[in-house]
Amino acid sequence: MKRLYFLLMLCLASLTASAQTEMTAAQQLIQRMQTLQKQGVMYGHQDDCFYGLTWEWDENRSETFDLVGDYPGVMGFDLGGIEMGDLKNLDSVPFNRIRQEAIRQYERGGIITFSWHPRNPLLGTTAWIESDIKDYEAARPYMDRVKACPKAMPDPKSTVRECLPGGVCYDKYMLWLSRVTLFLTTIRDSEGRPIPFIFRPYHENNGGWFWWGEGNCSKEEYRALWNMTQDYIRQYLPDNIVWSYSPNLYGMWTREHFMERYPGNDRCDLLGLDAYQWGTEEAFVSGVKADLKFLVPFAQENGLLFALTECGYKNSPDPTWWSRVLLKTIEGSPACYVLPWRNAKHEHFGASKDVSTADDFLMLKKSKGLLFAKDIAPSTKTKKKK
């Protein structure tokens, strides 16, 4: 009997090990982030290793490392411009350098996330559409004069529709997707294996500032754009992408409104929230808490990770903003990371040794209020939150 029991346990252990080895790279990253949630909140930062408030393009440098002696747990990179065949992204970062730093972040045990601000395929302008809409509305009274050339001033709000099958931009958009996908296939480790990463396309879609935003396309068109994009990329990268759906701070979600553009649980792994303090502290805190009241239960009910996929307070004048406002506001939520936007010469959202919030941020590092690359490296033992 003992021998039979031993053989049964051995068989079960073998099956468990086999199941673990059969997990895709994306599934392993999801499982890892679920485990890290119990340890704390990871600190992320956009473009952390390319430039900061007082420097730019130095090799082997990091805005976060300069302050706390460690790299962010999550590092963000943007692919805007790759669709055009450009050598640099919309913030002048060479794509070769993005690839290099993404691989370095993975090798040090950190996590990678890519956003994408594609140009407007219909108008040839940027991802931001507000000025295009204003120009179009200003020209509307004179449209009857250009009937012989109806495409002289295309409606900016038809951009998404024209990217879908049958649209005038469909072939162009397919070319763009091929360029994005080709770049993503080059994010590989030293043995040539695809590195897992988070991909966050068409974010802040409940706002009106991007050509894919609410008011600029129908809910059906948005979902069709998401599905078409995802289906194309999945043909070539089926196993190493964690897909993040990240609306903007809203403050009054209803389930009905949220579900209008939500692509579905089979198309989303991480539910994000992009939440900046643009106005008063009170408005920011109340808005985030209201969103968390809906988004967190939704994520938990549907087996999704949750994170503040973009956040920050531009040029924060509040020296205690990190501990007193941001972390207090999300306290008790299962946010696995927070990712402030970039620090550049003219603005900062993330931590820096050169701003008034430096001491507050250092305190969070020492108290483990935030987690960094060394804290989450696979060899590090995880500890439960107190």
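Start with helix H12, residues 358-366. Its buried residues pack against strand S1 (42-46), helix H3 (63-68) and helix H11. Keep in mind that this is a predicted model.

Which residues of H12 are buried? Ala 358, Asp 360, Phe 361, Leu 364 and Lys 365. They cover an arc of only 165 degrees around the axis, so they sit on the same side of H12. Now turn to the face pointing away from that buried side. Asp 359 and Lys 366 are there, and they are exposed.

Next, the partner helix. H11 spans residues 321-329. Two packed helices are described by an angle between axes and a distance between axes. For H11 and H12, the angle is about 65 degrees and the axes are 8 Å apart. Who makes the contact? From H11, Trp 321, Trp 322, Ser 323 and Leu 327. From H12, Asp 360, Phe 361, Met 363 and Leu 364. By class, that gives 6 nonpolar residues, 1 polar and 1 charged. Phe 361 is one of the residues on both lists: buried in H12, and in contact with H11.

On to the aromatics. How many aromatic pairs are there? The count comes to 39. I'll show two.

Pair one is Phe 114 with Phe 183. The centres are 6.3 Å apart, the planes are at 85 degrees, and the pair is edge-to-face. Phe 114 lies in strand S3 (residues 111-116) and Phe 183 in helix H7 (residues 170-185), so the pair ties together parts that are 69 residues apart in sequence. Buried or exposed? Phe 114 is buried, and Phe 183 is too.

Pair two is Trp 226 with Tyr 245. Here the centres are 5.8 Å apart and the planes are at 75 degrees; over 60 counts as edge-to-face, so this pair qualifies. Trp 226 lies in helix H8 (residues 219-236), Tyr 245 in strand S5 (residues 241-245), so this pair links parts 19 residues apart in sequence. Both Trp 226 and Tyr 245 are buried.

Last item: a charge over a ring. Which ring does Arg 108 sit over? The ring of Tyr 71. The charged end of Arg 108 is 3.6 Å from the centre of that ring.

Notes:
Residues are numbered from 1 along each chain as its sequence is written. This is a predicted model: local features need pLDDT of at least 70, side-chain atom pairs count only at pLDDT 80 or more; totals for chains, interfaces and linings use all residues. Side-chain values use heavy atoms; hydrogens and water are left out. Axes are lines fitted to C-alpha atoms, for helices over the stretch in contact, and angles run from 0 to 180 degrees between N-to-C directions. Helices (H or I, at least four residues) and strands (E, at least two) are DSSP runs, numbered from the N terminus. Contact means heavy atoms within 4.5 Å. Ala, Val, Leu, Ile, Met, Phe, Trp, Tyr, Cys and Pro count as nonpolar, Asp, Glu, Lys and Arg as charged, and the others, Gly among them, as polar. Rings of Phe, Tyr and Trp (its six-membered ring) pair if their centres lie within 6.5 Å; planes under 30 degrees apart count as stacked, over 60 as edge-to-face and the rest as tilted. Buried means under 20% relative accessible area, exposed over 50%, partly exposed in between (1.4 Å probe, protein chains only). A charge sits over a ring if NZ of Lys or CZ of Arg is within 6 Å of the ring centre and within 35 degrees of the ring normal. The arc is that of the directions from the helix axis to the C-beta atoms.
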